[in-house]
Amino acid sequence: MYVCLCKGITDRQVEAAIDEGATTLGKLRKALGVASQCGKCGVTTREILTGCLAATPDKSPAPFYAAA
Ligand code: FES
């Protein structure tokens, strides 16, 4: 399904980018251009991101306060 009509980005492309390490909306924007024009796809993109990160907790970005 298309997530971003402005850029023609599908949910599979978003999921693939998450698998490759784009674990924030900003990283997805940079990698794919999603939510970079009208922004209407931001909510759906974030829902996909949240679902993917919940399914694979090891991909969640470390909290900023975590020790390295
Ligand atoms: S629908 Fe994604 S930026 Fe417009």
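Reader: What makes up the confidence picture of this model, that is, what pLDDT does the protein chain average, and how many of the residues score at least 70?

Author: This is a predicted model, and the protein chain averages a pLDDT of 90, with 84% of the residues scoring at least 70. Among the elements of the protein chain, helix α3, residues 42-55, has the lowest mean pLDDT, at 95, whereas strand β2, residues 9-10, has the highest, at 98.

Reader: Why are α1 and α2 called roughly perpendicular to each other?

Author: Helix α1, residues 11-19, and helix α2, residues 25-32, pack at an angle of about 110 degrees, and their axes are 10 Å apart. Angles of 65 to 115 degrees count as roughly perpendicular, and therefore α1 and α2 are described as roughly perpendicular to each other. As for the handedness, α1 passes α2 in a right-handed crossing. On the α1 side the contact is made by Gln13, Val14 and Ala17, and on the α2 side by Leu28, Ala31 and Leu32.

Reader: How many residues of each class does the contact of α1 with α2 have?

Author: Sorted by class, this contact of α1 with α2 has 5 nonpolar residues and 1 polar residue, with no charged residues.

Reader: What makes the relation of α1 and α3 oblique?

Author: Here α1 and α3 pack at an angle of about 45 degrees, with their axes 10 Å apart. Angles under 35 degrees count as roughly parallel and those of 65 to 115 as roughly perpendicular, so an angle that falls between these ranges is classed as oblique. That is why α1 and α3 are called oblique to each other. The crossing in which α1 passes α3 is right-handed. From α1, the residues that make the contact are Asp11, Val14, Glu15 and Ile18, and from α3 they are Thr45, Ile48, Leu49 and Cys52. By class, the contact of α1 with α3 has 5 nonpolar, 1 polar and 2 charged residues.

Reader: How do you know that Cys4 counts as buried?

Author: Cys4, which is found in strand β1, residues 2-4, has 26 C-beta neighbours inside 10 Å. The cut-off for a buried residue is 20 or more, so Cys4 counts as buried. If residues up to four places away in sequence are not counted, Cys4 touches Ile9, Val34, Ala35 and Cys41. Cys4 and Thr44 are 40 residues apart in sequence, and from C-alpha to C-alpha they are 8.8 Å apart in space.

Reader: Why is Ala35 called buried, and where is its place in the chain?

Author: The place of Ala35 is in the loop between α2 and α3. Ala35 has 23 other C-beta atoms within 10 Å, and since the cut-off is 20 or more, Ala35 is therefore buried. Ala35 also has a positive phi of about 60 degrees, although it is not a glycine. For the protein chain, buried residues make up 21% of the 68 residues.

Reader: What makes Leu53 partly exposed?

Author: Leu53 is found in helix α3, and it has 16 other C-beta atoms within 10 Å. A residue is exposed at 12 or fewer and buried at 20 or more, so Leu53, with its 16, is partly exposed. The C-alpha atoms of Leu53 and Thr23 are separated by 7.6 Å, while the two residues are 30 residues apart along the chain.

Reader: How do you know whether Gly51 is buried, exposed or partly exposed?

Author: Gly51, found in helix α3, has 13 other C-beta atoms within 10 Å. The exposed class ends at 12 or fewer, and therefore Gly51 is partly exposed. Gly51 and Glu15 are 36 residues apart along the chain, and their C-alpha atoms are separated by 9.7 Å.

Reader: Why is Lys27 called partly exposed?

Author: Lys27 is found in helix α2, with 16 other C-beta atoms within 10 Å. The buried class requires 20 or more and the exposed class 12 or fewer, so Lys27 is called partly exposed. The C-alpha atoms of Lys27 and Ala17 are separated by 8.9 Å, and these residues are 10 residues apart along the chain.

Notes
Residues are numbered from 1 along each chain as its sequence is written. This is a predicted model: local features need pLDDT of at least 70, side-chain atom pairs count only at pLDDT 80 or more; totals for chains, interfaces and linings use all residues. Axes are lines fitted to C-alpha atoms, for helices over the stretch in contact, and angles run from 0 to 180 degrees between N-to-C directions. Helices (H or I, at least four residues) and strands (E, at least two) are DSSP runs, numbered from the N terminus. Angles under 35 degrees count as roughly parallel, over 145 as roughly antiparallel, 65 to 115 as roughly perpendicular and the rest as oblique. A crossing is left-handed if the near helix is turned anticlockwise from the far one by less than a right angle, and right-handed if clockwise. Two residues are in contact if their C-beta atoms, placed from the backbone, lie within 7 Å. Ala, Val, Leu, Ile, Met, Phe, Trp, Tyr, Cys and Pro count as nonpolar, Asp, Glu, Lys and Arg as charged, and the others, Gly among them, as polar. pLDDT is the predictor's confidence in each residue, from 0 to 100.
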